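Subject: A structure for you to look at

Hi,

Here is the structure I promised to pass on. Have a look around it, and then read my notes below.

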Amino acid sequence: MRGAKSAKWVAIAAVVALGATACGGGGDDTSSGKGKGNGVVSVEIGEPQNSLVPTNTYETEGGQVINALFTGLTKLDADNKVVNAMAQSIETKDNKVWTIKLKSGYTFHNGEKVTAQSFVDAWNYGANQTNAQQTNPLFSHIQGYSDLNPGEGKKPKTDKLSGLKAVDDSTLQVTLSGAFSAFPSQLSFTAFVPLPKAFFKDPKGFGEAPIGNGPFQMKGKFKHNEEIDTTKYDKYPDASKIEVKGVNFKVYSNLDTAYKDVVAGNLDTLLTIPTSGLPTYHKDLPGRYIDEADSAVGYIGFPIKYNKAFQNADLRKAISMAIDRKTIASKIFLGSRTPADDYISPIIDGYRKGACGDACTYNPTKAKELYKQSGGLPGNTLEIGYNADGGHKEWVEAASNQIQQALGVKVTAKPFEQFQTILNDLDAKKYQGAFRMAWSMDYPDAEDYLRPVFSKEAIANGSNYSGYVNEDFEKLLVQGDQAPTHEEAVKKYQAADDILLKDMPYIPVYFYTLNTGFSDKIKSMKIAGHQILWDTVKLS
(Lines give C-alpha, C1' and ligand atoms only; values in the text may rest on other atoms or scores of the structure.)
Protein backbone atom coordinates (compact mmCIF):
# COMPACT_ATOMS: atom_id res chain seq x y z
CA MET A 1 0.00 0.00 0.00
CA ARG A 2 1.36 0.89 0.37
CA GLY A 3 2.62 4.18 0.02
CA ALA A 4 4.17 6.71 2.60
CA LYS A 5 1.80 3.28 1.59
CA SER A 6 2.57 2.00 0.81
CA ALA A 7 3.58 0.32 -1.44
CA LYS A 8 3.99 3.38 -4.32
CA TRP A 9 2.42 4.71 -1.29
CA VAL A 10 1.63 3.55 1.62
CA ALA A 11 0.69 1.89 1.57
CA ILE A 12 0.12 1.08 3.02
CA ALA A 13 2.53 -0.10 -0.11
CA ALA A 14 3.37 0.76 -1.26
CA VAL A 15 3.91 4.36 -1.60
CA VAL A 16 2.04 6.65 0.79
CA ALA A 17 0.22 9.80 -0.08
CA LEU A 18 -0.71 10.23 3.54
CA GLY A 19 -3.59 12.42 3.23
CA ALA A 20 -5.90 13.93 1.11
CA THR A 21 -10.82 16.91 0.88
CA ALA A 22 -13.47 17.71 0.15
CA CYS A 23 -16.31 16.98 2.25
CA GLY A 24 -17.37 17.17 5.83
CA GLY A 25 -20.72 15.77 6.84
CA GLY A 26 -21.28 12.50 8.61
CA GLY A 27 -23.03 13.67 11.75
CA ASP A 28 -24.71 11.25 14.11
CA ASP A 29 -27.87 9.46 13.17
CA THR A 30 -29.16 7.65 16.22
CA SER A 31 -32.08 5.99 14.50
CA SER A 32 -30.34 2.63 14.22
CA GLY A 33 -27.10 0.76 14.84
CA LYS A 34 -24.91 0.40 17.87
CA GLY A 35 -24.11 3.41 20.04
CA LYS A 36 -23.62 6.73 18.33
CA GLY A 37 -24.57 6.95 14.67
CA ASN A 38 -25.94 4.34 12.31
CA GLY A 39 -22.86 2.13 12.37
CA VAL A 40 -21.36 3.75 9.26
CA VAL A 41 -17.79 4.98 9.71
CA SER A 42 -16.14 7.64 7.55
CA VAL A 43 -12.43 7.39 6.67
CA GLU A 44 -10.15 10.02 5.15
CA ILE A 45 -8.25 9.05 1.99
CA GLY A 46 -6.59 10.92 -0.85
CA GLU A 47 -7.76 10.48 -4.43
CA PRO A 48 -6.53 7.02 -5.56
CA GLN A 49 -4.06 7.11 -8.43
CA ASN A 50 -6.06 4.64 -10.53
CA SER A 51 -9.48 3.03 -10.60
CA LEU A 52 -10.14 0.34 -7.99
CA VAL A 53 -8.56 -2.73 -9.61
CA PRO A 54 -6.49 -4.66 -7.01
CA THR A 55 -3.57 -5.49 -9.31
CA ASN A 56 -3.39 -1.87 -10.47
CA THR A 57 -3.44 -0.39 -6.95
CA TYR A 58 -0.01 0.26 -5.51
CA GLU A 59 -0.57 3.20 -3.17
CA THR A 60 -2.19 3.68 0.20
CA GLU A 61 -5.28 5.58 -0.86
CA GLY A 62 -6.69 2.94 -3.19
CA GLY A 63 -5.21 0.17 -1.05
CA GLN A 64 -7.31 1.24 1.93
CA VAL A 65 -10.46 0.72 -0.15
CA ILE A 66 -9.30 -2.57 -1.70
CA ASN A 67 -8.57 -3.85 1.82
CA ALA A 68 -12.21 -3.27 2.80
CA LEU A 69 -13.68 -4.77 -0.39
CA PHE A 70 -11.49 -7.87 -0.78
CA THR A 71 -10.03 -10.70 1.30
CA GLY A 72 -6.83 -12.46 0.28
CA LEU A 73 -5.18 -15.69 1.34
CA THR A 74 -3.23 -14.17 4.25
CA LYS A 75 -3.41 -10.90 6.17
CA LEU A 76 -1.65 -8.96 8.91
CA ASP A 77 -2.93 -9.16 12.46
CA ALA A 78 -2.76 -6.41 15.07
CA ASP A 79 0.89 -7.28 15.80
CA ASN A 80 1.90 -7.00 12.12
CA LYS A 81 2.26 -10.77 11.95
CA VAL A 82 1.09 -12.70 8.89
CA VAL A 83 -1.83 -15.03 9.56
CA ASN A 84 -4.16 -17.00 7.30
CA ALA A 85 -7.24 -15.20 5.98
CA MET A 86 -9.01 -17.09 3.19
CA ALA A 87 -6.31 -19.77 3.27
CA GLN A 88 -7.11 -22.76 5.45
CA SER A 89 -3.50 -23.93 5.16
CA ILE A 90 -0.32 -23.06 3.24
CA GLU A 91 2.23 -25.85 3.00
CA THR A 92 5.60 -26.39 1.32
CA LYS A 93 8.57 -28.71 1.61
CA ASP A 94 11.08 -26.62 -0.27
CA ASN A 95 9.81 -22.99 -0.27
CA LYS A 96 9.32 -23.40 -4.02
CA VAL A 97 6.17 -25.49 -4.50
CA TRP A 98 3.29 -24.31 -2.31
CA THR A 99 -0.06 -26.02 -1.75
CA ILE A 100 -2.81 -23.73 -0.51
CA LYS A 101 -6.15 -24.98 0.78
CA LEU A 102 -9.02 -22.48 0.80
CA LYS A 103 -11.63 -21.98 3.47
CA SER A 104 -15.21 -22.56 2.40
CA GLY A 105 -18.08 -20.08 2.50
CA TYR A 106 -16.51 -17.15 0.64
CA THR A 107 -18.47 -15.59 -2.20
CA PHE A 108 -18.06 -12.46 -4.27
CA HIS A 109 -20.57 -9.72 -3.70
CA ASN A 110 -22.53 -10.84 -6.77
CA GLY A 111 -23.00 -14.31 -5.27
CA GLU A 112 -20.31 -16.07 -7.32
CA LYS A 113 -18.32 -18.65 -5.33
CA VAL A 114 -14.65 -17.86 -4.73
CA THR A 115 -12.54 -20.77 -5.96
CA ALA A 116 -8.88 -21.52 -6.57
CA GLN A 117 -9.47 -20.54 -10.21
CA SER A 118 -10.54 -17.07 -9.03
CA PHE A 119 -7.00 -16.57 -7.74
CA VAL A 120 -5.36 -18.12 -10.80
CA ASP A 121 -7.26 -15.86 -13.20
CA ALA A 122 -6.56 -12.73 -11.15
CA TRP A 123 -2.83 -13.40 -10.82
CA ASN A 124 -2.45 -14.26 -14.52
CA TYR A 125 -4.00 -10.91 -15.34
CA GLY A 126 -1.78 -9.01 -12.93
CA ALA A 127 1.40 -10.71 -14.14
CA ASN A 128 0.79 -10.10 -17.86
CA GLN A 129 2.75 -7.11 -19.17
CA THR A 130 0.03 -6.51 -21.78
CA ASN A 131 -2.29 -5.38 -18.98
CA ALA A 132 0.28 -2.91 -17.59
CA GLN A 133 -0.71 -3.42 -13.97
CA GLN A 134 1.14 -1.42 -11.31
CA THR A 135 1.79 -4.48 -9.12
CA ASN A 136 3.10 -6.63 -11.98
CA PRO A 137 6.59 -7.10 -10.40
CA LEU A 138 5.10 -8.72 -7.30
CA PHE A 139 4.27 -11.79 -9.40
CA SER A 140 7.85 -12.19 -10.60
CA HIS A 141 8.59 -15.08 -8.23
CA ILE A 142 5.97 -17.30 -9.86
CA GLN A 143 7.19 -19.74 -12.50
CA GLY A 144 6.40 -18.55 -16.01
CA TYR A 145 6.54 -14.83 -15.18
CA SER A 146 9.21 -14.17 -17.82
CA ASP A 147 6.98 -15.68 -20.52
CA LEU A 148 4.31 -13.08 -19.70
CA ASN A 149 6.90 -10.31 -19.58
CA PRO A 150 9.21 -10.63 -22.60
CA GLY A 151 9.94 -6.91 -22.54
CA GLU A 152 8.96 -3.66 -24.20
CA GLY A 153 7.88 -4.06 -27.82
CA LYS A 154 7.49 -7.82 -27.50
CA LYS A 155 4.20 -9.71 -27.18
CA PRO A 156 3.78 -12.50 -24.62
CA LYS A 157 3.33 -15.92 -26.20
CA THR A 158 1.00 -16.99 -23.40
CA ASP A 159 -1.41 -15.39 -20.96
CA LYS A 160 -0.98 -17.96 -18.19
CA LEU A 161 1.66 -18.41 -15.52
CA SER A 162 2.96 -21.99 -15.77
CA GLY A 163 3.43 -22.04 -12.01
CA LEU A 164 -0.28 -21.65 -11.21
CA LYS A 165 -2.67 -24.57 -11.01
CA ALA A 166 -6.19 -24.88 -9.61
CA VAL A 167 -6.09 -28.53 -8.49
CA ASP A 168 -9.76 -28.29 -7.54
CA ASP A 169 -12.11 -25.57 -6.32
CA SER A 170 -10.49 -25.42 -2.91
CA THR A 171 -6.84 -26.23 -3.73
CA LEU A 172 -4.33 -23.89 -5.32
CA GLN A 173 -0.83 -25.06 -6.22
CA VAL A 174 1.84 -22.42 -6.81
CA THR A 175 5.28 -23.23 -8.19
CA LEU A 176 7.86 -20.48 -7.91
CA SER A 177 10.89 -20.05 -10.16
CA GLY A 178 13.07 -20.48 -7.09
CA ALA A 179 12.79 -20.82 -3.34
CA PHE A 180 11.19 -17.77 -1.69
CA SER A 181 10.51 -18.15 2.01
CA ALA A 182 8.61 -14.83 2.25
CA PHE A 183 5.88 -16.01 -0.15
CA PRO A 184 3.12 -16.38 2.49
CA SER A 185 3.94 -12.87 3.72
CA GLN A 186 3.76 -11.51 0.19
CA LEU A 187 0.28 -12.99 -0.20
CA SER A 188 -1.01 -10.57 2.43
CA PHE A 189 -0.71 -7.71 -0.06
CA THR A 190 -3.92 -6.73 -1.83
CA ALA A 191 -2.54 -7.46 -5.32
CA PHE A 192 -3.03 -11.18 -4.57
CA VAL A 193 -6.77 -11.12 -3.91
CA PRO A 194 -9.16 -13.11 -6.18
CA LEU A 195 -11.30 -11.63 -8.95
CA PRO A 196 -14.76 -12.65 -10.18
CA LYS A 197 -15.59 -13.53 -13.79
CA ALA A 198 -17.30 -10.13 -14.18
CA PHE A 199 -13.94 -8.38 -13.98
CA PHE A 200 -12.62 -9.94 -17.18
CA LYS A 201 -15.71 -8.92 -19.14
CA ASP A 202 -15.24 -5.23 -18.35
CA PRO A 203 -12.05 -4.35 -16.38
CA LYS A 204 -12.56 -0.61 -16.86
CA GLY A 205 -16.14 -0.64 -15.61
CA PHE A 206 -15.16 -2.96 -12.76
CA GLY A 207 -12.63 -0.40 -11.51
CA GLU A 208 -15.42 2.12 -10.95
CA ALA A 209 -17.63 -0.36 -9.03
CA PRO A 210 -15.54 -3.37 -7.97
CA ILE A 211 -17.11 -6.65 -6.93
CA GLY A 212 -15.03 -8.04 -4.09
CA ASN A 213 -15.16 -10.91 -1.61
CA GLY A 214 -14.41 -8.87 1.50
CA PRO A 215 -16.38 -7.59 4.50
CA PHE A 216 -17.75 -4.55 2.65
CA GLN A 217 -19.31 -4.12 -0.78
CA MET A 218 -19.65 -1.10 -3.03
CA LYS A 219 -22.67 1.13 -2.62
CA GLY A 220 -22.90 2.79 -6.01
CA LYS A 221 -19.84 3.83 -8.00
CA PHE A 222 -16.53 5.50 -7.23
CA LYS A 223 -17.23 9.26 -7.09
CA HIS A 224 -13.85 10.65 -8.05
CA ASN A 225 -12.41 13.40 -5.85
CA GLU A 226 -15.44 13.01 -3.59
CA GLU A 227 -16.14 9.64 -1.97
CA ILE A 228 -16.31 5.86 -2.19
CA ASP A 229 -19.29 4.46 -0.32
CA THR A 230 -19.55 0.87 0.93
CA THR A 231 -21.90 -1.21 3.03
CA LYS A 232 -21.35 -4.35 5.08
CA TYR A 233 -21.60 -7.64 3.14
CA ASP A 234 -23.79 -9.77 5.37
CA LYS A 235 -22.79 -13.04 3.65
CA TYR A 236 -19.14 -12.54 4.54
CA PRO A 237 -18.04 -15.53 6.69
CA ASP A 238 -16.80 -13.33 9.55
CA ALA A 239 -19.55 -10.71 9.25
CA SER A 240 -20.68 -11.32 12.84
CA LYS A 241 -17.26 -10.16 14.11
CA ILE A 242 -17.57 -6.78 12.39
CA GLU A 243 -19.59 -4.07 14.16
CA VAL A 244 -19.24 -1.46 11.41
CA LYS A 245 -22.27 -1.35 9.10
CA GLY A 246 -20.55 0.51 6.28
CA VAL A 247 -17.49 2.58 5.40
CA ASN A 248 -17.61 5.94 3.65
CA PHE A 249 -14.17 6.77 2.23
CA LYS A 250 -14.03 10.57 1.95
CA VAL A 251 -11.52 12.02 -0.48
CA TYR A 252 -9.62 14.99 0.99
CA SER A 253 -7.07 17.17 -0.75
CA ASN A 254 -5.93 18.81 2.48
CA LEU A 255 -5.08 17.03 5.73
CA ASP A 256 -5.63 20.17 7.78
CA THR A 257 -9.26 20.22 6.65
CA ALA A 258 -9.59 16.53 7.47
CA TYR A 259 -8.14 17.16 10.94
CA LYS A 260 -10.68 19.90 11.65
CA ASP A 261 -13.42 17.52 10.55
CA VAL A 262 -12.32 14.67 12.82
CA VAL A 263 -12.09 17.06 15.79
CA ALA A 264 -15.58 18.39 14.98
CA GLY A 265 -17.01 14.89 14.60
CA ASN A 266 -17.63 15.26 10.87
CA LEU A 267 -15.03 12.59 10.06
CA ASP A 268 -14.56 9.36 11.99
CA THR A 269 -11.04 8.23 11.12
CA LEU A 270 -7.93 10.18 10.14
CA LEU A 271 -5.03 7.77 9.65
CA THR A 272 -2.36 10.46 9.71
CA ILE A 273 -2.48 13.51 11.99
CA PRO A 274 -1.14 16.48 9.96
CA THR A 275 1.75 18.61 11.15
CA SER A 276 -0.67 21.36 12.16
CA GLY A 277 -2.45 19.00 14.56
CA LEU A 278 0.59 17.46 16.25
CA PRO A 279 0.85 20.05 19.07
CA THR A 280 -2.78 19.61 20.15
CA TYR A 281 -4.21 16.26 18.97
CA HIS A 282 -3.92 14.57 22.38
CA LYS A 283 -5.98 17.40 23.85
CA ASP A 284 -8.33 17.76 20.86
CA LEU A 285 -9.00 14.00 20.71
CA PRO A 286 -8.83 12.81 24.34
CA GLY A 287 -8.49 9.03 24.40
CA ARG A 288 -9.23 8.94 20.67
CA TYR A 289 -5.83 8.55 19.08
CA ILE A 290 -3.26 5.86 18.29
CA ASP A 291 0.50 6.42 18.67
CA GLU A 292 2.70 3.50 17.67
CA ALA A 293 5.54 2.48 15.41
CA ASP A 294 4.73 2.37 11.71
CA SER A 295 6.31 0.57 8.79
CA ALA A 296 6.86 3.54 6.49
CA VAL A 297 10.04 5.35 5.47
CA GLY A 298 10.09 8.92 4.09
CA TYR A 299 12.57 9.84 1.35
CA ILE A 300 13.79 12.49 -1.00
CA GLY A 301 14.32 10.80 -4.35
CA PHE A 302 16.23 11.67 -7.52
CA PRO A 303 15.39 10.84 -11.16
CA ILE A 304 18.92 9.55 -11.73
CA LYS A 305 18.22 7.91 -15.10
CA TYR A 306 16.28 10.84 -16.49
CA ASN A 307 18.31 13.83 -15.27
CA LYS A 308 22.11 13.81 -15.60
CA ALA A 309 22.39 16.49 -12.94
CA PHE A 310 21.70 13.86 -10.24
CA GLN A 311 23.87 11.00 -11.50
CA ASN A 312 26.83 11.57 -9.18
CA ALA A 313 26.41 9.52 -5.98
CA ASP A 314 28.61 11.95 -4.02
CA LEU A 315 26.24 14.78 -4.97
CA ARG A 316 23.30 12.83 -3.57
CA LYS A 317 25.28 12.00 -0.44
CA ALA A 318 26.17 15.69 0.00
CA ILE A 319 22.48 16.63 -0.13
CA SER A 320 21.73 13.89 2.41
CA MET A 321 24.41 15.16 4.81
CA ALA A 322 22.98 18.68 4.51
CA ILE A 323 19.65 17.55 6.04
CA ASP A 324 19.26 17.84 9.81
CA ARG A 325 16.98 14.86 10.40
CA LYS A 326 16.84 15.30 14.17
CA THR A 327 15.56 18.85 13.88
CA ILE A 328 12.93 17.86 11.32
CA ALA A 329 11.76 14.97 13.52
CA SER A 330 11.67 16.96 16.75
CA LYS A 331 10.71 20.47 15.61
CA ILE A 332 8.56 19.93 12.52
CA PHE A 333 6.97 16.62 13.52
CA LEU A 334 7.19 17.18 17.29
CA GLY A 335 8.66 13.72 17.85
CA SER A 336 6.10 11.91 15.70
CA ARG A 337 8.90 10.88 13.33
CA THR A 338 12.36 9.49 14.01
CA PRO A 339 15.51 10.17 11.94
CA ALA A 340 16.04 7.48 9.29
CA ASP A 341 19.33 5.61 9.29
CA ASP A 342 18.48 2.71 6.95
CA TYR A 343 16.23 1.85 4.03
CA ILE A 344 14.59 -0.92 6.09
CA SER A 345 12.08 0.02 8.79
CA PRO A 346 12.99 -0.58 12.46
CA ILE A 347 9.92 -2.82 12.89
CA ILE A 348 11.29 -5.26 10.28
CA ASP A 349 13.77 -8.08 10.85
CA GLY A 350 16.89 -6.93 8.99
CA TYR A 351 16.96 -3.30 10.14
CA ARG A 352 20.35 -2.17 11.47
CA LYS A 353 20.61 0.91 13.64
CA GLY A 354 23.06 3.38 12.16
CA ALA A 355 23.49 1.42 8.93
CA CYS A 356 23.52 4.60 6.85
CA GLY A 357 26.45 6.03 8.84
CA ASP A 358 27.91 9.41 7.81
CA ALA A 359 25.64 9.68 4.77
CA CYS A 360 22.60 10.14 7.03
CA THR A 361 24.38 12.25 9.64
CA TYR A 362 23.98 16.03 9.54
CA ASN A 363 27.37 17.56 8.77
CA PRO A 364 27.09 20.80 6.76
CA THR A 365 30.87 21.29 6.55
CA LYS A 366 31.56 17.88 5.02
CA ALA A 367 28.40 18.15 2.93
CA LYS A 368 29.66 21.34 1.28
CA GLU A 369 33.10 19.84 0.64
CA LEU A 370 31.54 16.77 -0.95
CA TYR A 371 29.17 18.92 -2.98
CA LYS A 372 32.08 20.86 -4.49
CA GLN A 373 34.03 17.65 -5.17
CA SER A 374 31.01 16.22 -7.00
CA GLY A 375 30.84 19.14 -9.42
CA GLY A 376 27.60 20.49 -7.97
CA LEU A 377 24.26 21.16 -9.63
CA PRO A 378 23.72 23.13 -12.84
CA GLY A 379 23.14 26.77 -11.92
CA ASN A 380 23.50 25.82 -8.24
CA THR A 381 19.73 25.24 -8.10
CA LEU A 382 17.64 22.37 -6.76
CA GLU A 383 13.89 21.79 -6.86
CA ILE A 384 12.10 19.31 -4.59
CA GLY A 385 8.57 18.32 -5.59
CA TYR A 386 6.00 17.13 -3.07
CA ASN A 387 2.28 16.40 -2.89
CA ALA A 388 0.42 19.19 -1.12
CA ASP A 389 -2.45 16.89 -0.09
CA GLY A 390 -0.31 14.94 2.37
CA GLY A 391 0.88 17.45 4.96
CA HIS A 392 4.43 17.58 3.57
CA LYS A 393 4.85 21.33 3.01
CA GLU A 394 6.49 22.11 6.36
CA TRP A 395 9.14 19.39 6.37
CA VAL A 396 10.03 19.70 2.67
CA GLU A 397 10.45 23.45 3.08
CA ALA A 398 12.54 22.90 6.22
CA ALA A 399 14.79 20.39 4.43
CA SER A 400 15.03 22.78 1.47
CA ASN A 401 16.22 25.59 3.76
CA GLN A 402 18.76 23.31 5.42
CA ILE A 403 20.19 22.19 2.08
CA GLN A 404 20.29 25.77 0.83
CA GLN A 405 22.17 27.01 3.88
CA ALA A 406 24.60 24.10 4.03
CA LEU A 407 25.48 23.86 0.34
CA GLY A 408 25.00 27.45 -0.76
CA VAL A 409 22.51 26.51 -3.48
CA LYS A 410 19.07 27.91 -4.25
CA VAL A 411 16.46 25.30 -3.27
CA THR A 412 12.78 25.53 -4.19
CA ALA A 413 10.00 23.35 -2.75
CA LYS A 414 7.44 22.73 -5.50
CA PRO A 415 3.92 21.65 -4.48
CA PHE A 416 1.78 19.30 -6.58
CA GLU A 417 -1.92 19.47 -5.76
CA GLN A 418 -2.36 15.71 -5.31
CA PHE A 419 -0.14 12.68 -4.77
CA GLN A 420 -1.73 11.22 -7.88
CA THR A 421 -0.44 14.20 -9.90
CA ILE A 422 3.21 13.86 -8.97
CA LEU A 423 3.06 10.06 -9.35
CA ASN A 424 1.65 10.43 -12.86
CA ASP A 425 4.30 13.00 -13.80
CA LEU A 426 7.04 10.74 -12.43
CA ASP A 427 5.59 7.75 -14.28
CA ALA A 428 5.57 9.78 -17.51
CA LYS A 429 9.11 11.10 -16.84
CA LYS A 430 7.71 14.64 -17.09
CA TYR A 431 9.02 15.80 -13.72
CA GLN A 432 12.80 15.69 -13.37
CA GLY A 433 13.41 17.49 -10.11
CA ALA A 434 14.08 15.80 -6.77
CA PHE A 435 10.89 14.54 -5.15
CA ARG A 436 9.30 13.62 -1.85
CA MET A 437 8.47 9.93 -1.69
CA ALA A 438 7.76 7.31 0.92
CA TRP A 439 7.28 3.60 1.22
CA SER A 440 5.14 1.50 3.53
CA MET A 441 5.50 -2.25 3.47
CA ASP A 442 3.34 -4.43 1.29
CA TYR A 443 4.27 -7.32 3.58
CA PRO A 444 6.60 -7.56 6.60
CA ASP A 445 9.89 -8.63 5.04
CA ALA A 446 13.18 -6.81 4.37
CA GLU A 447 12.92 -7.76 0.70
CA ASP A 448 9.80 -5.60 0.37
CA TYR A 449 11.83 -2.47 1.18
CA LEU A 450 14.26 -3.22 -1.63
CA ARG A 451 12.85 -4.86 -4.77
CA PRO A 452 9.58 -2.88 -5.21
CA VAL A 453 11.36 0.48 -4.88
CA PHE A 454 14.89 0.04 -6.23
CA SER A 455 15.02 -2.98 -8.55
CA LYS A 456 15.32 -2.89 -12.33
CA GLU A 457 11.88 -4.47 -12.76
CA ALA A 458 10.29 -1.79 -10.55
CA ILE A 459 11.14 0.94 -13.08
CA ALA A 460 8.29 -0.04 -15.41
CA ASN A 461 5.87 -1.49 -12.87
CA GLY A 462 6.87 -0.45 -9.39
CA SER A 463 8.06 2.52 -7.38
CA ASN A 464 11.54 2.95 -8.84
CA TYR A 465 10.96 6.51 -10.01
CA SER A 466 14.71 7.03 -9.85
CA GLY A 467 15.39 4.65 -12.73
CA TYR A 468 18.16 3.24 -10.54
CA VAL A 469 19.92 0.07 -11.73
CA ASN A 470 22.77 -1.79 -10.04
CA GLU A 471 23.48 -5.35 -11.20
CA ASP A 472 25.21 -6.32 -7.94
CA PHE A 473 22.10 -5.20 -6.07
CA GLU A 474 19.96 -7.34 -8.41
CA LYS A 475 22.14 -10.42 -7.82
CA LEU A 476 21.91 -10.07 -4.04
CA LEU A 477 18.11 -9.84 -4.24
CA VAL A 478 18.05 -13.16 -6.09
CA GLN A 479 20.44 -14.72 -3.58
CA GLY A 480 18.21 -13.52 -0.74
CA ASP A 481 15.15 -14.99 -2.44
CA GLN A 482 16.85 -18.37 -2.81
CA ALA A 483 18.42 -18.55 0.63
CA PRO A 484 17.43 -21.77 2.45
CA THR A 485 16.63 -20.06 5.74
CA HIS A 486 15.11 -16.76 6.80
CA GLU A 487 18.31 -15.80 8.63
CA GLU A 488 20.44 -16.33 5.53
CA ALA A 489 17.95 -14.44 3.40
CA VAL A 490 18.12 -11.46 5.74
CA LYS A 491 21.93 -11.35 5.43
CA LYS A 492 21.69 -11.21 1.63
CA TYR A 493 19.04 -8.50 1.74
CA GLN A 494 21.21 -6.52 4.16
CA ALA A 495 24.08 -6.77 1.69
CA ALA A 496 21.76 -5.42 -1.01
CA ASP A 497 20.74 -2.66 1.41
CA ASP A 498 24.43 -1.75 1.83
CA ILE A 499 24.70 -1.12 -1.91
CA LEU A 500 21.73 1.24 -1.75
CA LEU A 501 23.27 3.07 1.20
CA LYS A 502 26.40 3.61 -0.89
CA ASP A 503 24.60 4.65 -4.09
CA MET A 504 21.76 6.55 -2.37
CA PRO A 505 19.20 6.77 -5.21
CA TYR A 506 16.73 7.98 -2.58
CA ILE A 507 17.73 9.75 0.63
CA PRO A 508 16.15 8.15 3.74
CA VAL A 509 14.95 11.11 5.83
CA TYR A 510 12.64 9.76 8.54
CA PHE A 511 10.77 6.74 9.84
CA TYR A 512 7.07 7.20 10.35
CA THR A 513 5.17 6.81 13.56
CA LEU A 514 1.50 6.00 13.23
CA ASN A 515 -0.47 8.93 14.66
CA THR A 516 -4.14 8.27 14.02
CA GLY A 517 -7.19 10.11 15.33
CA PHE A 518 -10.83 9.04 15.47
CA SER A 519 -14.20 10.44 16.50
CA ASP A 520 -16.25 9.57 19.59
CA LYS A 521 -18.30 7.23 17.40
CA ILE A 522 -15.40 4.75 17.73
CA LYS A 523 -14.39 3.19 21.04
CA SER A 524 -11.21 1.45 19.81
CA MET A 525 -9.49 0.18 16.67
CA LYS A 526 -6.29 -1.43 15.42
CA ILE A 527 -4.22 -0.69 12.35
CA ALA A 528 -1.58 -2.91 10.71
CA GLY A 529 0.46 -2.14 7.63
CA HIS A 530 -1.40 1.18 7.46
CA GLN A 531 -4.64 -0.74 6.91
CA ILE A 532 -7.61 -0.63 9.27
CA LEU A 533 -8.37 -4.05 10.76
CA TRP A 534 -12.15 -3.91 10.53
CA ASP A 535 -12.83 -6.77 12.91
CA THR A 536 -11.05 -4.76 15.66
CA VAL A 537 -13.12 -1.59 15.24
CA LYS A 538 -15.44 -1.25 18.24
CA LEU A 539 -18.18 1.37 18.18
CA SER A 540 -19.22 3.50 21.12
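First, a question to get you started: is helix 1 (residues 60-69) mostly covered or mostly open? Helix 1 turns out to be mostly covered, with 9 of its 10 residues buried. Before you read on, please keep in mind that this is a predicted model.

If you want to click through helix 1, the buried residues are T60, E61, G62, G63, Q64, V65, I66, A68 and L69. And what do they pack against? Their partners are strands: strand 1 (40-45), strand 8 (216-218), strand 9 (227-232), strand 10 (246-251) and strand 20 (531-532).

Back at strand 4, 5 bridges join it to strand 5 (residues 97-102), and the two run antiparallel. To find your place in that pair, look for S89, which stands opposite K101 in strand 5.

Strand 12 (residues 289-301) is also worth a visit, as I have two pairings to show you there. With strand 17 (residues 506-518), strand 12 pairs in the antiparallel sense over 10 bridges. In that pairing, G301 stands opposite Y506. Strand 12 is also joined to strand 16 (residues 434-439), by 5 bridges, and these two run antiparallel as well. Here the residues to look for are V297 and, opposite it in strand 16, W439.

Now for the cysteines. How many disulfides does the count come to? The count is 1 disulfide, and it joins C356 to C360, with 2.0 Å from S to S. In case the word is new to you, a disulfide is a covalent bond between the sulfur atoms of two cysteines. The link of C356 and C360 is right-handed, with 65° about the S-S bond. Both C356 and C360 are buried.

Then there is the largest pocket, which holds about 720 Å³ of space. It is lined by 25 residues, and those nearest its centre are N136, S140, Y145, N149 and E457. Helix 15 (458-461) and helix 16 (471-481) each supply at least two residues of the lining. Which of the elements gives the largest share of that lining? That is helix 16, with 4 residues.

Last, two residues with backbone angles to check. Most residues other than glycine have a negative phi. N80, though, has a positive phi of about 60° although it is not a glycine. You'll find N80 in the loop between strand 2 (74-76) and strand 3 (82-84). K429 isn't a glycine either, and its phi is near 60°, a positive value. Its place is the loop between helix 13 (419-427) and strand 16. So is K429 buried, exposed or partly exposed? K429 counts as partly exposed because its relative accessibility is 33%, which falls between the cut-offs of under 20% for buried and over 50% for exposed.

Notes: Residues numbered from 1 in each chain as written. Predicted model: local features only at pLDDT ≥ 70, side-chain atom pairs only at ≥ 80, totals over all residues. Heavy atoms only, no water. Pairing = 2+ DSSP bridges. Disulfide = S-S within 2.5 Å. Buried < 20%, exposed > 50% of the residue type's maximum accessible area, 1.4 Å probe, protein only. 1 Å grid on protein atoms, 1.4 Å probe; cavity = no way out; pocket = protein on both sides within 12 Å on 5 of 7 lines; lining within 4 Å. Points joined across faces, edges and corners; volume = space filled by probe spheres on them. Contact = heavy atoms within 4.5 Å.
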